[in-house]
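Open the model in your viewer and keep the selection panel at hand. The stops below go from strands to cores.

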Amino acid sequence: MEVIILGSGVYSGIPKPLCNCENCSRARKFPSYRRTRFSIYIPKIRALIDPSPDLHYHLEHINEKIQHVFITHAHFDHIGGLPELQIFKHIRLYGHATTLEVAKDMQKRFVGESRWNWEYFPLEFGKWHDLGFKVYHFRVVHQPIEVAGGFILQIRDKKIVITGDTGPEILDDNTTLEEIKGADLLVADMTHKHSIPKAHLGVDDAIKLARIVRAKKTVFAHISHMNYPQEKLEEMVRPYIVARDFMHVDI
């Protein structure tokens, strides 16, 4: 099974406009260092996780149909591309009820309702849901937003975990850790060099999470321009993987 990391960056992407830091300067010169906003596609079930503001660009590249849309939380960089889904007349959207209210409002304001059969399915935290494949939505701490979560997707014998944006508090959430242990693939937040409590994981805590989960493959994503350069990150986290845009991961 294949999982595609469409976008590996944070809200600003890399390069960030008007920024001349090392990462942004390198990305302007060398396209391989560019990062669009975070998003994932799973071809097996035609599922998109987080419609980023760069979704049109992502869709140009994958050129595939989307049937399922999972939204971790309603921050701009994780939901801002939702109107780009208007090319699909029928999609199913999943997330916490509070998150889906934002999605519904975006559809109403920017897409319309009469010609689009978009279905919304609220998912409770801490409960497995059967959608033809199994989904578990777990809560994470990511202030200042009120509700944020990650997903476990159980597709036949493959278990895929996507943390979304999470603070280091996930390391003390034993219930969630038990559910995500032993995944085939863990895609984890590693936004900054150092963790920001109740917001994002830094490098050391992301590695701690990977060691606890012991997934067959771990990919760190949602990388800020203020993090270490790509090559240094790769060296620091080895044997784990640092995401790049349009990275294909086989599990």
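The tour starts with paired strands and then turns to the nonpolar cores.

This is a predicted model, where local features need pLDDT of at least 70 and side-chain atom pairs count only at pLDDT 80 or more, while totals for chains, interfaces and linings use all residues. Residues are numbered from 1 along each chain as its sequence is written, and side-chain values use heavy atoms, without hydrogens and water.

**Strands**

Select residues 68-70 and 90-95. These are strands S4 and S5, paired in the parallel sense over three bridges. (Strands are DSSP runs of E, at least two residues; helices are runs of H or I, at least four; both are numbered from the N terminus. Pairing takes at least two DSSP bridges.) Pick Val69: its bridge partner in S5 is Leu93.

S6 runs parallel to S5, and six bridges join them. Gly95 has Pro122 in S6 as its bridge partner.

Show helix H4, residues 97-111. With S5 and S6, H4 makes a right-handed β-α-β unit. (Right-handed: with the strands pointing away from you, the path from the first strand over the helix to the second runs clockwise.)

**Cores**

Select Phe138, Ile180, Met190, Leu209, Phe220 and Val237. They have the most contacts inside the largest nonpolar core, which has 30 residues. (A nonpolar core joins buried Ala, Val, Leu, Ile, Met, Phe, Trp, Tyr and Cys residues through side-chain atoms within 4.5 Å; buried means under 20% relative accessible area, with a 1.4 Å probe and protein chains only.) Helix H6 gives the most to this core, six residues.

Last, find the second, separate core of 27 residues; Ile40, Ile42, Val187 and Ile251 are among them.

How values were computed
Buried < 20%, exposed > 50% of the residue type's maximum accessible area, 1.4 Å probe, protein only.
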